[in-house]
Amino acid sequence: APVTTKEIRGEYLKKTIHREWCCGLDEFVKLEAYTLPHEVIVHVDIDYAFYKPMDHLFDAILYDKDSEEGKRARGMLELERPGERLPEKIGAFITRDWP
């Protein structure tokens, strides 16, 4: 695992991590995605299914906000809080199960 129990700072989590969801401490293996040397990394759990294309998410990360591609991609984003200002440079997305 990329994180050991000794490295966890919060006492509650340190004592209970072995009971968290299905994987306990191994759940932190997801953090390894942030160390990979690629521009875009897609991390999904094994029980995830793709029902809609996600190209606009990648384009919003890869293209400048003022480029034609960046404007088009940002215009397609489904925001949890519509009207909220997006950052100049998008570095990551967390998606949810949208209806």
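This is a predicted model: local features need pLDDT of at least 70, side-chain atom pairs count only at pLDDT 80 or more; totals for chains, interfaces and linings use all residues.
Colleague: Is Tyr48 buried, partly exposed or exposed?
Modeller: Buried means under 20% relative accessible area and exposed means over 50%, with partly exposed in between (1.4 Å probe, protein chains only). The relative accessible area of Tyr48 is 30%, so the residue is partly exposed.

Colleague: Which residues make the nonpolar surface patch of about 330 Å²?
Modeller: Patch residues have over 30% relative accessible area and no salt bridge; like charges are joined within 9 Å, and nonpolar side chains (Val, Leu, Ile, Met, Phe, Trp, Tyr) within 5 Å. Accessible areas come from the Shrake-Rupley method with a 1.4 Å probe, and for residues only the protein chains shown count as cover. The patch is made by Val42, Val44, Tyr48 and Phe50.

Colleague: What radius of gyration does the protein have?
Modeller: The secondary structure comes to three helices and zero strands. The C-alpha trace spans about 50 × 30 × 25 Å along its principal axes. The radius of gyration is taken over C-alpha atoms, and the globule rule is 2.2 Å times the number of residues to the power 0.38. A compact globule of 99 residues would be near 13 Å, but the protein has 17 Å.

Colleague: What share of the 99 residues is buried?
Modeller: The protein exposes about 8,600 Å², of which carbon and sulfur atoms supply 55%. Buried residues make up 18%.

Colleague: How many salt bridges are there?
Modeller: Side chains of opposite charge can pair when their charged atoms come close. A salt bridge is a side-chain nitrogen of Lys or Arg within 4 Å of a carboxyl oxygen of Asp or Glu. By this rule the count is six.

Colleague: With which residue does Lys14 form a salt bridge?
Modeller: Lys14 is partly exposed at 25% relative accessibility. Both partners lie in helix 1, three residues apart, about one turn of the helix. The closest N and O atoms are 3.9 Å apart, and the partner of Lys14 is Glu11.

Colleague: How many residues apart are Lys52 and Glu78?
Modeller: Their side chains meet in a salt bridge of 3.0 Å, N to O. The pair links distant parts of the chain: Lys52 is in the loop between helix 1 and helix 2, Glu78 is in the segment after helix 3, and the separation is 26 residues.

Colleague: Which residues do salt bridges that share partners join into one network with Lys65?
Modeller: Glu88 forms a salt bridge with Lys65, the closest N and O atoms being 3.6 Å apart. This pair also links distant parts of the chain, with Glu88 in the segment after helix 3 and Lys65 in the loop between helix 2 and helix 3, 23 residues apart. Joined with Lys65 in one network are Asp66 and Glu88.

Colleague: How far apart in space are Glu68 and Val3?
Modeller: Glu68 lies in helix 3 (residues 68-75) and counts as exposed at 61% relative accessibility. Glu68 and Val3 are 65 residues apart in sequence, and their C-alpha to C-alpha distance is 41 Å.

Terms used:
Residues are numbered from 1 along each chain as its sequence is written. Side-chain values use heavy atoms; hydrogens and water are left out. Helices (H or I, at least four residues) and strands (E, at least two) are DSSP runs, numbered from the N terminus.
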